[in-house]
Amino acid sequence: NKISPTQEGWQTVVKQINESFASTGFVFIKSSLISVDLVDHVFHISKEFFGLSDDTKIKYIRTSDTNNNGYVKMQQERLNPKKPPDLKECFNFVGSKKCTFPKEVAGFENALQQLYRACLQVSYQLLEIMGYALGLKDP
């Protein structure tokens, strides 16, 4: 949904974001487009996935640096080559159809897809708002 700088409320949002970036370089965004229920559901379903055995999770491991989809095991990544490997595990998903989702957790793919679409919508709106804040004619 494209916004219009003439819509009630949007002028205020554009002004607030512009002032925040200009003064501190940082904004905190709270969006009703991403429901608390959806976030809670994704956390719950993610907890199920990470509770699976290592042998099960490894079936979904991210196999390359060019396809950033899949499971990342503990100490698989080292973002700083001068430091020890990262003490985290994660499941990366970047909206690609190249992702193999775990069948052992019912609804895992659907939940991540829903959250991805909601985040994408919010990011497009934020970019549009920032375009208006910068004075672009048609952001």
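This is a predicted model: local features need pLDDT of at least 70, side-chain atom pairs count only at pLDDT 80 or more; totals for chains, interfaces and linings use all residues.
The structure holds zero disulfides, a disulfide being a pair of cysteine sulfur atoms within 2.5 Å. Cys 90 takes part in none, and the nearest cysteine sulfur, that of Cys 99, is 11 Å away. Cys 99 is likewise in no disulfide, its nearest cysteine sulfur being that of Cys 90. Cys 90 is buried, with a relative accessible area of 17%, and Cys 99 counts as buried at 10% relative accessibility. Here buried means under 20% relative accessible area, exposed means over 50%, and partly exposed covers the range in between (1.4 Å probe, protein chains only).

Residues are numbered from 1 along each chain as its sequence is written, and side-chain values use heavy atoms, with hydrogens and water left out.

Turning to the helices, two packed helices are described by the angle between their axes and the distance between the axes. Helix H1 (residues 10–23) packs against helix H4 (residues 108–133) at an angle of about 80°, and their axes are 9 Å apart. Axes are lines fitted to C-alpha atoms, for helices over the stretch in contact, and angles run from 0 to 180 degrees between N-to-C directions. The angle therefore makes H1 roughly perpendicular to H4; angles under 35 degrees count as roughly parallel, over 145 as roughly antiparallel, 65 to 115 as roughly perpendicular and the rest as oblique. Helices (H or I, at least four residues) and strands (E, at least two) are DSSP runs, numbered from the N terminus.

On the H1 side, Trp 10, Val 13, Val 14, Ile 17, Asn 18 and Phe 21 meet Gln 125, Leu 126, Ile 129, Met 130, Tyr 132 and Ala 133 of H4, contact meaning heavy atoms within 4.5 Å. By class, this contact of H1 with H4 has ten nonpolar, two polar and no charged residues. In this scheme Ala, Val, Leu, Ile, Met, Phe, Trp, Tyr, Cys and Pro count as nonpolar, Asp, Glu, Lys and Arg as charged, and the others, Gly among them, as polar.

Ser 20 is also found in helix H1 and counts as buried at 19% relative accessibility. The side chain of Ser 20 reaches the backbone oxygen of Phe 26 at 2.4 Å. With residues up to four places away in sequence not counted, Ser 20 touches Gly 25, Phe 26 and Val 27.

Ile 45 lies in helix H2 (residues 36–50) and is buried, at 2% relative accessibility. Neighbours within four places in sequence aside, Ile 45 is in contact with Val 105, Ala 106, Gly 107, Phe 108 and Ala 111. The C-alpha atoms of Ile 45 and Lys 15 are 30 residues apart along the chain and separated by 38 Å.

The loop between strand E1 (70–72) and strand E2 (90–92) contains Leu 87, which is exposed, with a relative accessible area of 66%. Leu 87 touches Met 74 and Gln 75, not counting residues up to four places away in sequence. Between the C-alpha atoms of Leu 87 and Lys 73, 14 residues apart along the chain, the separation is 9.0 Å. Gln 75 lies in the loop between E1 and E2 and is partly exposed, with a relative accessible area of 46%. Although not a glycine, Gln 75 has a positive phi of about 65°.

How values were computed:
A polar contact is a pair of N or O atoms within 3.5 Å; within protein, one must be able to donate a hydrogen and the other to accept it, and residues adjacent in sequence count only if both atoms are side-chain atoms.
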